[in-house]
Amino acid sequence: MADKNQALLHVCIIGSGPAGYYAAENLAVEDHVRVDIIDKLPTPYGLIRGGVAPDHQSIKGVFRRYEKTALGNTIHFIGNLDVGKDVTLAELRGLYDAVVVAVGAPKDRKLWIPGNDKSGVIGSAAFVGWYNSHPDFADLKLDLDITSVAVIGNGNVAVDVARVLAKTPAEMAVSDLAPYAAEVIHNSPLKDIWILGRRGPLEAKFTPKEVGEMGQLENCVALTSGADLPELTEDQMAGLNLAVRKNLIHLQSFAMNKPDQSKKALHIKFYAMPVEILGDDRVTGIRLEKTRVDENAKCIGTGETFEIECQMVIPCIGYQSIPLDGAPFDDRGGKFVNDEGKIENGLYATGWARRGPTGTIGTNRPDGHEIAAKILKGEKPSGKEGRAGLDALIKDRGLEVVTFQDWKKIEAAEEQAASGDIPRVKFHDIKDLIKATKT
Ligand code: NAP
């Protein structure tokens, strides 16, 4: 505990995902720092809960580390408080010595091609949010009465989406896939899943573990064309970056696979740049241009096009942050304008809000360390009110917020609702989440 006479440094973190908690963890090492972590949702952990694939429970397990931080005496979670709506950034800056924007990148980067507004085009933020019980997307009435889907992009999100669509109920048994999504996905007549990359296998951004999983599906055969894979000598293979080499080895094995009519097919296609989504109101297909990759790894269209029949298109082409009134925003980069995490005195950004949507959960760890060090060095206690002031404002406005202890009640109710190997059945409605805090 802080020396009774030591002035307190009040820090507010907006966003309770990995970036927020790693920053908090590093700030809390100093006894005189008080940290409040605000989230728009009544639940903590951001992408761990709403983004990481439901069958990747071991990745989700990192929440235990954040929970340890959250249970510290000097850190408080304030959920169900929407910054920008319930309280402004300017108000928070008036109450806290430092504010850290750790809001992630919750909005899809849009695929700007003709036909992108047709029914059946759904961005990855919405699709992933839907199968993960995110309250903003749970009500999407997705029609998966389809036989073919085009998943655009060669990142891990594209792989997640394709895998969740490909897996059987048995393969999803140890998952927290939203029950309403499981019902739709597992009753779908889907046969063909296309993962379409605009560049080649050497430029793909997915990682070996994730690619490897595509080769182990019970009812789906991963296929790729040998013609899309580079022919490399042993020396050239050995010279590749390790992750790229491992990806290539998996892809080479997929090129040997034979289609099996009794199973789904997962077609991984490279050098295919989307140019138009086809159909009247609804998607019926996608037109792609064949590409080549130049010596600078840039994608160049060849002018030759081809079409793939599909009734749904899921662009998984990256995300962007959502601007916050009072913080300068870089529209092109989809992140907050900052200099190595500092936006201006008293205002910081960390995680995807700082860097843009790249890197894994672990990438936020050094970010959190760095931003905390900057705050501890650059900011001094100034007599601001911190939590007491925010509590007064919340009371004045009659807002209903969620504490960490409330969240633990939600968590217990979700675990209680689960059976078998299912770790939890998540609430997806804000009203139900709040109701669970009253038990
Ligand atoms: P990402 O890794 O940046 O991949 C985006 C993909 O979209 C790239 O293949 C990119 O191609 C393609 N793309 C971008 N604009 C396009 C366009 N206009 N037309 C066609 N293709 C386009 O992004 P992400 O998959 O959203 O993942 C975000 C981050 O989360 C990544 O760091 C990822 O590793 C991480 N993540 C990790 C896991 C895991 O560890 N299991 C799971 C999910 C996400 P170009 O390369 O040609 O630009």
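## Helices α1 and α4

Helix α1 (residues 18-27) and helix α4 (residues 63-70), in this predicted model, have axes that come within 10 Å and cross at roughly 45°. Axes are lines fitted to C-alpha atoms, for helices over the stretch in contact, with angles from 0 to 180 degrees between N-to-C directions. Helices are DSSP runs of H or I with at least four residues, and strands are E runs of at least two, numbered from the N terminus.

In α1, Pro18, Tyr21, Tyr22, Ala24 and Glu25 meet Arg65, Tyr66, Thr69 and Ala70 of α4, contact being heavy atoms within 4.5 Å.

## Helix α6

Helix α6 (residues 124-131) is largely enclosed by the rest of the structure, because 8 of its 8 residues are buried (under 20% relative accessible area, with a 1.4 Å probe and protein chains only). Among them are Phe127, Trp130 and Tyr131. The buried residues pack against α2 (47-50), β5 (107-108), α7 (156-166), α8 (179-186), β13 (312-315) and β14 (319-320). Just after α6, Ser133 has a positive phi of about 65°.

## Cysteines

The whole structure holds 0 disulfides, a disulfide being a pair of cysteine sulfur atoms within 2.5 Å. Cys299 is in none, and the nearest cysteine sulfur, that of Cys316, lies 17 Å away. Cys12 counts as buried at 0% relative accessibility.

## Basis of the values

Residues are numbered from 1 along each chain as its sequence is written, and side-chain values use heavy atoms, leaving out hydrogens and water. Local features need pLDDT of at least 70 and side-chain atom pairs count only at pLDDT 80 or more, whereas totals for chains, interfaces and linings use all residues.

Technical notes:
Buried means under 20% relative accessible area, exposed over 50%, partly exposed in between (1.4 Å probe, protein chains only).
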